[in-house]
Amino acid sequence: LYICMNTLALGALYIHWLYRDGTREFLRAWMNYHWFAYHFFSMPVLFGTFFAPWRRMQERPGRGFDPEAFAQRLVINTVLRVIGMIIRSVFLIIGMTSQVILFLAGGFLFLYFFTSPISIPVTFLTGFMFLFV
């Protein structure tokens, strides 16, 4: 009887923790992963410098006005800006893809976590059944 009462009390404490503090902590951890991915890929910086030349490379004007040198600088600087946009686009796409993957994986794990009083025993019994099949 004593073991049964302790088991019931432990189960009640687990349910209380799960739907109160556990859910809050899970969501906080999930948001930390999103924050990390957002800043790991430097998404604010990439959006802010999207049209800037790659690695600040650009041709500087010389002294005087030379139409041929001006056209050459214009082409080179335009190409460097396009290269910068392409490279930044790739990193932004990778960053956004990681955010989507984190969202989907976190949503799946949250559902599993939230339904754990049912899903953990079901998963355990399913795995146990596959041992004998």
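Thr 23 counts as buried, because its relative accessibility is 12%, where buried denotes under 20% relative accessible area, exposed over 50%, and partly exposed the range in between (1.4 Å probe, protein chains only). The model is a predicted one, in which local features need pLDDT of at least 70 and side-chain atom pairs count only at pLDDT 80 or more, whereas totals for chains, interfaces and linings use all residues. Residues are numbered from 1 along each chain as its sequence is written, and side-chain values use heavy atoms, with hydrogens and water left out.

Thr 23 belongs to helix H1, which spans residues 2-40; helices (H or I, at least four residues) and strands (E, at least two) are DSSP runs numbered from the N terminus. When neighbours within four places in sequence are set aside, Thr 23 is in contact (heavy atoms within 4.5 Å) with Trp 17, Leu 18, Phe 110, Phe 113 and Phe 114. Phe 40 also lies in helix H1, but with a relative accessibility of 55% this residue counts as exposed.

The protein chain contains four helices and zero strands, and the order of its elements from the N terminus is α-α-α-α. Its radius of gyration, taken over C-alpha atoms, is 28 Å, whereas a compact globule of 133 residues would have a value near 14 Å under the rule of 2.2 Å times the number of residues to the power 0.38. Along the principal axes, the C-alpha atoms fill a box of roughly 100 × 40 × 15 Å. Of the contacts between residues at least 6 apart in sequence, 81% join residues at least 24 apart.

Buried residues account for 19% of the 133 residues in the chain. The largest nonpolar core consists of five residues, namely Phe 41, Met 43, Leu 46, Phe 50 and Leu 92; such a core is a set of buried Ala, Val, Leu, Ile, Met, Phe, Trp, Tyr and Cys residues joined through side-chain atoms within 4.5 Å. The chain exposes about 10,700 Å², of which carbon and sulfur atoms supply 76%, as computed by the Shrake-Rupley method with a 1.4 Å probe.
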